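Subject: Structure handover

Hello,

Here is the structure for you to look at. My notes on what turned up follow below it.

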Amino acid sequence: MDGDIVKWSNKEVLELLHKEKLSSLIVEICKSQDIDGRCLLSFLDRDFYDYPFDQLKLGDRKRFILLVKKLQKNNRNAMCELGLFDDSLSNPATNINFVGTNLSHLSYNLHSQLQNEVYGRSTDCVTNYTDIKASKLKPEIWKTAIALGYLFLVTWVTAVVMVIVHDKVPDMKKYPPLPDLFLDNVPHIPWAFDMCEITGSLLMAIWLIVLFFHKHRFIILRRFFALAGTVFLLRCFTMLITSLSVPGSHLKCEPRFYPPADDLTVWGRRLQQAYDIWSGAGMSVRGVRTCGDYMFSGHTVALTLLNFFITEYTSRSLYLMHILTWVMNMFGIFFILAAHEHYSIDVFIAFYITSRLFLYYHTLSNNQALMQNDSSRTRIWFPLLSFFESEVDGIVPNEYEGPVTILNNLRQWFVQLVTDVKTSSMAKIAGTKLQEGAAMGEYSVVRLVDGIKRNLSLVEEFKNSRQRLVTLDKNVQACLLDELPDGEHRIEDLSESFRRDFSDPPSPVVKKNI
């Protein structure tokens, strides 16, 4: 066997597999797929789990992985010549950008883990198994529309729950504010809550700009809707489970009084109040004031989600903007506490839940191998993730489009829409014509069948009439026979007369007269 693995053919690879006593299935796969030495050096982690190696048993797969990794470790120079190495000394599996929180560099890398565990840390060049970019990124606008509907439904449910918890807020005289480390040491700032909402509005403006120029805007918008809806749905449960006392004495919170009326009228008024909250997005600058919705802070959720999505879907080179969004996120949280609108635990839990859900969602969506290995559990615990990310097989790259490209895409979309409308209209007209023709044909067939039925009835009537005539003729003949023998003599006289007339030829005078 040649010592240079780059020159190995499929035959040498099969000899090595036989020598290492690997399973016959691995040998057959390598033989059918024409695996040579260069292929072994260029194996990626996902290759061990994709077709056709996905049918291997766990033990066979692990032994094959160890053999390939050993060959790659012993032939690093050959891999560098083939361009399979990077000069980076960092491990891409742990390259976390804490300032930007860019999960595109948080990919779960099986090769790096195996290399660190089996061969230890190395200062040489590390194998260039960088993050797996998605190979198929369909916009799937219909899924984005479903995610938007999901968010609208959850926000409406949240507004109704906020009305309910406001009506059962604890009495401020009986239940004073709870001890809080931050609120007890920071004085109340009246304008702080308005500043929090202004900060959130600025983050929203930045996020809309990122969405406008991002090439894969529908995918990330779908993720934003799904995560926001899920966090606010969880907030509905936490608000209903426990009613905390009002955090600040400056707040005028008491249950609403409803005039005596039936339950239908009371719920009608509650739904009207819920609509006011929903249409005002729960913001005090738009005249919405609520009490009792403390665990956990919805404003913190909005600030954190906007910050994380901006930093995730913008380039790492925009670190100044990432720093700005993080500062705005933290200052927004500070303004919430300075306004004494929430307890510290409300803000902390909101930030923790939002950030964890964001990280879990993107870690799973960026690593389809994790989802495929335990797909049944993923569908149960993360149903929205399984549905919305079914056609995304990797990391969504941060690619952007210029205004000219966006306008051209909009023009093409509009032309296609007009064409589809015209096609559907023509198809509708053609369908109407076909229905009319079918109706006319059906009417003609009905008339034809009725004519045939009438003809058949006439034929049957003719047969019956003929039978009656035959019977009548027989009756007449019977009556004539009853009149004999006089009738016989008359018949014989008539016969004799006929013979006499026709036996003698006519005279010339008679012929002339004729």
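Start with Arg 235. At 4% relative accessibility, Arg 235 counts as buried, because the cut-off for buried is under 20%. Keep in mind that this is a predicted model.

Arg 235 has a charged partner. Its side chain meets that of Asp 293 in a salt bridge, at 3.3 Å from N to O. This pair links distant parts of the chain, 58 residues apart. Arg 235 sits in helix 9 (residues 217–241). Asp 293 is in the loop between helix 10 and helix 11 (298–312). Asp 293 counts as buried too, with a relative accessibility of 8%.

Other salt bridges

The count comes to 11 salt bridges. Two further pairs deserve a look.

One joins the side chains of Arg 270 and Asp 167, at 3.1 Å from N to O. Is Asp 167 buried or exposed? Its relative accessibility is 14%, so Asp 167 counts as buried.

The other is a salt bridge between the side chains of Lys 69 and Asp 45, with 3.0 Å from N to O. Here 24 residues separate the partners, and the pair again links distant parts of the chain. Lys 69 belongs to helix 4 (residues 58–74). Asp 45 is in the loop between helix 3 (37–41) and helix 4. Both Lys 69 and Asp 45 are buried.

There is also a network. Salt bridges link Glu 140, Lys 143 and Arg 222.

The nonpolar patch

Now for the surface. Which residues form a nonpolar patch there? They are Ile 345, Phe 348, Tyr 352, Tyr 360, Ile 380, Trp 381 and Phe 382. Together they have about 820 Å² of accessible area.

Helix 13 (344–366) and helix 15 (375–381) each supply at least two residues of this patch. Helix 13 gives the most, with 4 residues. Phe 382 has its place in the loop between helix 15 and helix 16 (383–388). Phe 382 has a relative accessible area of 30%, so it is partly exposed; that class lies between the cut-offs of 20% and 50%.

Best wishes

Notes. Residues numbered from 1 in each chain as written. Predicted model: local features only at pLDDT ≥ 70, side-chain atom pairs only at ≥ 80, totals over all residues. Heavy atoms only, no water. Patch = residues over 30% accessible without salt bridge, like charges linked within 9 Å, V, L, I, M, F, W, Y side chains within 5 Å. Areas by Shrake-Rupley, 256 points an atom, 1.4 Å probe, with all protein chains shown as cover. Salt bridge = Lys/Arg side-chain N within 4 Å of Asp/Glu carboxyl O. Buried < 20%, exposed > 50% of the residue type's maximum accessible area, 1.4 Å probe, protein only.
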